[in-house]
Amino acid sequence: MEKTNTLSKQQIEKKYNKFIILLSIAIPVVVALLFGIKLKDYGIQVEPLSFLPPIYATLNGATAMLLGLAVYFIKEGNVQAHKRVMQTAIACSVLFLVMYVAYHMTSDSTPFGGKGFIRYIYYFILISHIILSVAVIPLVLVTYVKALSEQFDKHKKIAKIAYPVWLYVAITGVIVYFMIAPYYAH
């Protein structure tokens, strides 16, 4: 029985590994490409989706809270609640990504208008947020697949890395929003 169980775990991992690699490369590349595309430049007349930044910032905040809740549930031994909360956090992150791309395809980028030392703080937070948002993709996906394949010891080890990175990305997403919000065109 154990050999069959191990085999199915390996099959689950193998099934998802190519998908993880593909998404880990494709998401940042597609986002970078789409970030540079403005629909109006292609004759597509669409109103700027200027209402989206506070919504996707809220999704980042919700993701941070969900991550904290997920840790609470797993420490309490409530695996089902942990699983549901983590799936919701992943859904929030996907919705964030869709809204973020949609906003940037319909709106001009907003330059940060802060002066002096705050400018360095803003760019440090922004750049670290962007770099870690790319790194967190495979971390989250691998952690999720380890749970799907019931390799909970490995899931826990990777989650100890994925959790703080994802939490940092979620929280700094909100911080970046609040720092740049005064400079959005009204």
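Guide: Helices here are DSSP runs of H or I with at least four residues, strands are runs of E with at least two, and both are numbered from the N terminus.

The model is a predicted one, in which local features need pLDDT of at least 70 and side-chain atom pairs count only at pLDDT 80 or more, while totals for chains, interfaces and linings use all residues. Residues are numbered from 1 along each chain as its sequence is written, and side-chain values use heavy atoms, with hydrogens and water left out.

Tyr184 also touches, beyond its neighbours within four places in sequence, Pro53, Tyr56, Tyr103, Thr110 and Tyr177, contact being heavy atoms within 4.5 Å. Tyr56 and Tyr184 belong as well to a cluster linked by ring pairs, together with Phe96, Tyr100, Tyr103, Tyr177 and Phe178. Rings of Phe, Tyr and Trp (its six-membered ring) pair if their centres lie within 6.5 Å, and planes under 30 degrees apart count as stacked, over 60 as edge-to-face and the rest as tilted; by this rule there are twelve aromatic pairs.

H2 packs against H3 at an angle of about 165°, their axes 8 Å apart, where axes are lines fitted to C-alpha atoms, for helices over the stretch in contact, and angles run from 0 to 180 degrees between N-to-C directions. H2 is therefore roughly antiparallel to H3, since angles over 145 degrees count as such, under 35 as roughly parallel, 65 to 115 as roughly perpendicular and the rest as oblique.

Within H2 itself, Asn60 is buried, at 8% relative accessible area, and, apart from neighbours within four places in sequence, Asn60 contacts Phe96, Ala170, Gly173 and Val174. Tyr72, which also lies in H2, is by contrast partly exposed at 45%, and its C-alpha is 8.1 Å from that of His82, ten residues away in sequence.

Notes:
Buried < 20%, exposed > 50% of the residue type's maximum accessible area, 1.4 Å probe, protein only.
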